[in-house]
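Open the model in your viewer and keep the selection tool at hand. The tour goes from one selection to the next.

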Amino acid sequence: MSNIELVEKARQALEAAYAVYSGFPVGAACLWSSGLITLGCNIENASYGLTMCAERVALFTGVAQGERHLRALAVAVVGAEFAVPCGACLQVLAEWATELPICLAKGSGELRVTYLQELLPVVFKIDGIK
Ligand code: THU
């Protein structure tokens, strides 16, 4: 599975985004060690704080199917700028991957690859930092 193929899945996930309050649809695709791909989109709520990000929807969908080892993530937006996963999503992602490539895609089709360790160099762990 190439970055381009995983981004294409994230773009497909965008179509289901429920972003009626922000007008900012996001799609995400997780590639797991088994080869399974799970998709997610942002799901907003009239009580804004209850909104769920696309990344966590994609991630939790995989975990709920028994997946435990996340290999790659793609995040797609329609806007003109790349969007990185928010801090809460980074912390949640870190539970399921050590080295995680994250492929970002913006509306123009341009891609950029970054890494979880780059975006979140220090992660909260119950047994402290190493
Ligand atoms: N959003 C995501 O889906 N992922 C992120 O990492 C950051 C933000 C969504 C939440 C909300 O529906 C919209 O983008 C604007 O914040």
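How far is an oxygen atom of the ligand from an N or O atom in the side chain of Asn42? Select both: the distance is 2.9 Å, a polar contact (a pair of N or O atoms within 3.5 Å). This is a predicted model, where local features need pLDDT of at least 70 and side-chain atom pairs count only at pLDDT 80 or more, while totals for chains, interfaces and linings use all residues. Residues are numbered from 1 along each chain as its sequence is written, and side-chain values use heavy atoms, leaving out hydrogens and water.

Next, select Glu55. One of its polar side-chain atoms lies 2.8 Å from a nitrogen atom of the ligand. Then go to Cys86, where a polar backbone atom is 2.9 Å from an oxygen atom of the ligand. Of the 370 Å² of accessible area that the ligand has on its own, the protein covers 76% (Shrake-Rupley method, 1.4 Å probe).

Last, select Lys106 and Glu110. Their side chains meet in a salt bridge at 3.5 Å, N to O (side-chain nitrogen of Lys or Arg within 4 Å of a carboxyl oxygen of Asp or Glu). A search of the whole structure finds one salt bridge.

Methods: A polar contact is a pair of N or O atoms within 3.5 Å; within protein, one must be able to donate a hydrogen and the other to accept it, and residues adjacent in sequence count only if both atoms are side-chain atoms.
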